[in-house]
Amino acid sequence: MNQPAITLWSDAQFYSPYVMSVYVALAEKGLSFSLKTVDLDRGEHLTPQWQGYGLTRRVPVLAIDDFELSESSAIAEYLEERFAPPEWERIYPHELHKRARARQIQAWLRSDLGPIREERSTDVVFGGVKKPALTETGVACAQKLYDTALSLLAHGNPNLFGEWCIADADLALMLNRLVLNGDTVPPPLVEYATFQWQRASVQRYVALSAKRSG
């Protein structure tokens, strides 16, 4: 299968959950791509020299030939449409309502749960850092995550919709902010997050961040 040249821009440490989501999407699609990094801590993304997407100045950025796109969920949907099944692997559920629900979950994870992102940053997930106990606000937010995730996974299957999709990677990462910090997480959610984390595409990304940290 012929494909255009694809480049994925990442933060230099590979700590971005949104870069991970796009990386996993590309890997699951079976697409070849090159990786480039920009050092966010040093503000390289704000300089005129950065050859990334100039409108948002954020990662991830996907470049396909002369087309550039940012925002991870938009990139995943674009990849699903441009490199469509059955020629390419599927990253969203086949059934319409499940596909819509997967996108809803992705949007929710990105727009809500701010206290978890603040109190359990991804250096917990990718750098092995341990954070202090959650604040009262953080505890309430974590409970909201647990209640919602338990409801979504009440069917008892290892994936959200009976088949793996990109929303599984995103939900597992949010849960692992707590699981890998040693917080008390309901066992079914620990099992789900641990299972999702063993997926080859996810482990390839984790290895990138571990290599940079080492």
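What handedness does the β-α-β unit made by β1, helix α1 and β2 have? The unit formed by β1, helix α1 (residues 17–29) and β2 is right-handed, a crossover being given this name if, with the strands pointing away from the viewer, the path from the first strand over the helix to the second runs clockwise.

The views below show a predicted model, in which local features need pLDDT of at least 70 and side-chain atom pairs count only at pLDDT 80 or more, whereas totals for chains, interfaces and linings use all residues. Residues are numbered from 1 along each chain as its sequence is written, and side-chain values use heavy atoms, with hydrogens and water left out.

**View 1. Strand β1 and its two partners, β2 and β3.** Helices (H or I, at least four residues) and strands (E, at least two) are DSSP runs, numbered from the N terminus. Of the 6 residues of strand β1 (residues 6–11), 6 are buried, so the strand is largely enclosed by the rest of the structure; buried means under 20% relative accessible area, exposed over 50%, and partly exposed in between, with a 1.4 Å probe and protein chains only. Two strands pair if DSSP finds at least two bridges between them. Strand β1 runs antiparallel to strand β3 (residues 61–64), to which 4 bridges join it, and I6 has I64 as its bridge partner in β3. With strand β2 (residues 34–38) the arrangement is parallel and rests on 5 bridges, L8 having L35 as its bridge partner in β2.

**View 2. Helix α3 and the helices against which its buried residues pack.** Helix α3 (residues 96–111) has 16 residues and spans 23 Å from its first C-alpha to its last, close to the 22 Å expected at 1.5 Å a residue, where the expected span is 1.5 Å times one less than the number of residues. Its buried residues are A102, I105, Q106, W108, L109 and R110, and these pack against α1, α2 (72–82), α4 (114–119), α6 (136–152) and α7 (166–179). At the N-terminal end, E95 caps the helix through a side-chain oxygen that lies 3.2 Å from the backbone nitrogen of H97. Just after α3, L113 adopts a positive phi of about 65 degrees.

**View 3. Salt bridges of E80 with K29 and of D170 with R110.** A salt bridge is a side-chain nitrogen of Lys or Arg within 4 Å of a carboxyl oxygen of Asp or Glu, and by this rule the count comes to 7. The side chains of E80 and K29 meet at 2.5 Å, N to O. E80 lies in helix α2 and K29 in helix α1, so the pair ties together parts that are 51 residues apart in sequence. Both E80 and K29 are buried. In the salt bridge between D170 and R110 the closest N and O atoms are 3.1 Å apart, and this pair links distant parts of the chain, D170 in helix α7 and R110 in helix α3, 60 residues apart. D170 and R110 are likewise buried.

View 4. With a relative accessibility of 10%, T122 counts as buried. A polar atom of the T122 side chain lies 2.7 Å from the backbone oxygen of Y15. Leaving aside neighbours within four places in sequence, T122 is in contact with Y15, P17, G127, L173 and R177, contact meaning heavy atoms within 4.5 Å.

Note on methods: Polar contact = N/O pair within 3.5 Å; in protein donor to acceptor, adjacent residues only side chain to side chain.
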